[in-house]
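Hi,

Here is the structure I promised to pass on.

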Amino acid sequence: MPAPSQALNRLFLVWSGRHCEARFGYLAAHLRAVVLRAGRLALTAAALICTAAVAGCASSGSSQPAASGSAPAASPSTPVATSSSNTPAVVAPSSPAAGTPACATSALQVKLGSSDGYAGGVYVVIDFTNTSASSCTLFGYPGVSLVTGPPYKQIGLAAKRSTSTPKKLVTLAAGATAHAQLQIVDALNFPSATCGPAKATALKIYPPNQTEPVYLPNTSNGCTKPVQIMYIGAVRPAS
């Protein structure tokens with residue numbers, strides 16, 4: 001039979017062992033709970049990191065520049081050019097006499113002025129006098145041809161425009177006169193077979209840019225065949 005002291009020592013050791021086992025068991029359980037909690041936190045952190053990585057990848061993919069061959073989409077706020085009936089038309093710069101009408105045939109007195117003969121032909125001045133009460137303009141060349149009649153019938157070619165006299169806008173006040181010079185080559189200078197001469201009874205004259213003619217008596221010889229015998233200069237202010 002053990003001594004009382006030995007029995008007490010044994011009981012103490014047994015108690016101490018059970019107490020330590022209980023304490024270490026508690027510690028082990030607490031440590032396991034900490035590890036599990038840390039594991040859950042780690043998993044949560046890993047999930048958040050993965051989510052952030054996926055979002056970052058998606059964001060990076062959407063920020064890539066468009067391919068060089070594709071055109072950027074139009075912004076809804078970009079104004080679109082439209083055509084409006086209220087837009088004024090582009091107007092060419094006005095001439096010096098803008099607003100002054102052209103001289104109508106009915107507003108003009110047309111007559112033959114001075115003439116100057118030369119060997120083989122004649123120069124004749126055609127005068128245009130403004131008989132209206134207001135100013136008007138003349139610009140360019142009259143239309144001139146020889147005719148027979150009445151009834152009037154043109155003989156050969158009309159007068160050809162002479163570029164030796166440049167075109168100039170002429171403004172005629174009421175009663176003012178402008179003129180153009182006409183050259184008539186004598187048709188008898190040409191062989192009869194080439195010219196087919198015929199005597200005229202009048203000159204048919206259109207004022208510049210007008211469609212109503214004036215007939216002035218004239219007995220020059222013209223060519224019925226296509227031989228050029230007349231040349232007309234541009235209108236100029238009378239000197």
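A quick definition before the notes: I call a residue buried if its relative accessible area is under 20% and exposed if it is over 50%, with partly exposed in between (1.4 Å probe, protein chains only). By that rule Cys 195 is buried, because its relative accessibility is 0%.

Some housekeeping. This is a predicted model, so local features need pLDDT of at least 70 and side-chain atom pairs count only at pLDDT 80 or more, while totals for chains, interfaces and linings use all residues. Residues are numbered from 1 along each chain as its sequence is written, and side-chain values use heavy atoms, with hydrogens and water left out.

On confidence: pLDDT is the predictor's confidence in each residue, from 0 to 100. The protein averages 74, and 59% of the residues score at least 70. Over residues 11-32 the pLDDT is below 50, and this stretch has one contact (heavy atoms within 4.5 Å) beyond near neighbours in sequence. Residues 41-97 also stay under 50, with four contacts beyond four places in sequence.

Now the disulfides, meaning pairs of cysteine sulfur atoms within 2.5 Å. Helices (H or I, at least four residues) and strands (E, at least two) below are DSSP runs, numbered from the N terminus.

The S-S torsion is about 90°, which makes the disulfide right-handed. Both ends are buried: Cys 103 at 1% relative accessibility and Cys 136 at 4%.

The other disulfide joins Cys 195 to Cys 223, S to S 1.9 Å. Here Cys 195 belongs to helix α2 (residues 192-195) and Cys 223 to strand β12 (residues 221-223), so the parts tied together are 28 residues apart in sequence. This disulfide is left-handed, because its S-S torsion is about -100°. Cys 223 counts as buried at 2%.

Not counting residues up to four places away in sequence, Asn 130 touches several others, including Cys 136 and Leu 172.

Which strand pairs with β2 over nine bridges? That is β8, in the antiparallel sense (two strands pair if DSSP finds at least two bridges between them). Asp 127 stands opposite His 179 in β8. β8 also runs antiparallel to strand β14 (residues 236-237), with two bridges, and there His 179 has Arg 236 as its bridge partner. With strand β13 (residues 230-232), β8 pairs antiparallel over three bridges, where Gln 183 partners Tyr 231.

Finally, the largest nonpolar core has 31 residues, of which Phe 128 and Leu 182 touch the most other members. Such a core is a set of buried Ala, Val, Leu, Ile, Met, Phe, Trp, Tyr and Cys residues joined through side-chain atoms within 4.5 Å. Its largest share, five residues, comes from strand β8 (residues 177-185).

Cheers
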